[in-house]
Amino acid sequence: MHITFYKYQGTGNDFVMIDNRNLSFPKESRIIEHLCDRRFGIGADGLILLENHPTENFRMVYFNSDGNESSMCGNGGRCLVAFAKQLGVIENEASFEAVDGMHHATVSGTGIVSLQMKDVTAVDHYEGHVFLNTGSPHHVEIVDDLEGLDVKGYGASIRYGALYGAAGSNINFVNQIGDAIFAVRTYERGVEDETFSCGTGVTAVAIAMKATGKTDANLVQLETPGGTLEVAFEQDGTTFTQVFLKGPAKFVFEGTITI
Ligand SMILES: N[C@@H](CCC[C@H](N)C(=O)O)C(=O)O
């Protein structure tokens, strides 16, 4: 079987995109894991299907590189909007359904995608970390030496530790570098490694930093190993609404692969 694919990246978080409007893609975890493999396949942190939706522009179906369907992917959602524009499914605005509900997005002429994320109604505060769900579950922890940190080793010990049980969590490590600027490195569940950037992760960091009083700002800049993202939100007590994740989403290459 020949599969036509498109490769996209959003601040270095990279995805295999497939136009599955004819529902011909075989949703088998073994195949998805192979396509995402960086040595034997195309190589990506995840694979995303664009499918038809009865009332909205499209549906997003997201798989981690381990081949399993998972919760919301913020950078993937931004890349899917750029892909929908490349396919001619949308022009500069999109409305789509993902696993965590409806999303709206806009694309600028220079390929900057602003994606509305789900409202956050609970931020759980613990000694040494914060936990919240921005469409995917996120542990947020401030560290002294972000550059020198073994993100894969320490992240895995938390992800697989007593805190999160079998479901696990994504793990974000943070260092404040300005009033409303934070450096972030993320260990991603389902990739089981550090990725260059995580959209739901930086969204969680921005909200966590506001909720813990590290910043007064409602517009936060996040510096990831793959580039800069912005998160804007409105806050009413412990509820965060109008949450927008904004940054570049870029087409890399396209091709066909035989499986
Ligand atoms: N890279 C993503 C997060 C993808 C989901 C995550 N790996 C999980 O399974 O929870 C993003 O940009 O949000």
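Visitor: What makes helix 2 and helix 4 meet, residue by residue?

Guide: Gly74, Asn75, Gly77 and Arg78 in helix 2 meet Gly199, Thr200 and Thr203 in helix 4. Two residues are in contact if their C-beta atoms, placed from the backbone, lie within 7 Å. Helices are DSSP runs of H or I with at least four residues, strands are runs of E with at least two, and both are numbered from the N terminus. Sorted by type, the residues of this contact give no nonpolar, six polar and one charged. Here Ala, Val, Leu, Ile, Met, Phe, Trp, Tyr, Cys and Pro count as nonpolar, Asp, Glu, Lys and Arg as charged, and the others, Gly among them, as polar.

Mind the ground rules: this is a predicted model, where local features need pLDDT of at least 70 and side-chain atom pairs count only at pLDDT 80 or more, while totals for chains, interfaces and linings use all residues. Residues are numbered from 1 along each chain as its sequence is written.

Visitor: Why are helix 2 and helix 4 called oblique?

Guide: They pack at an angle of about 125°, with their axes 5 Å apart. The axes are lines fitted to C-alpha atoms over the stretch in contact, and angles run from 0 to 180 degrees between N-to-C directions. Under 35 degrees counts as roughly parallel, over 145 as roughly antiparallel, 65 to 115 as roughly perpendicular and the rest as oblique. Helix 2 and helix 4 are therefore oblique to each other.

Visitor: How do you know that the ligand lies between domain 1 and domain 2?

Guide: Both domain 1 (2-116 + 249-258) and domain 2 (123-245) give residues to the shell around the ligand, so it lies between them. The bounds come from an automatic or database domain assignment. Of the 19 residues around the ligand, Ser70, Asn75, Ser136, Gly199 and Thr200 come nearest; a residue is near a molecule or strand if its C-beta atom, placed from the backbone, lies within 6 Å of it. Helix 2 (74-87) and helix 4 (199-211) each give two or more residues to that shell.
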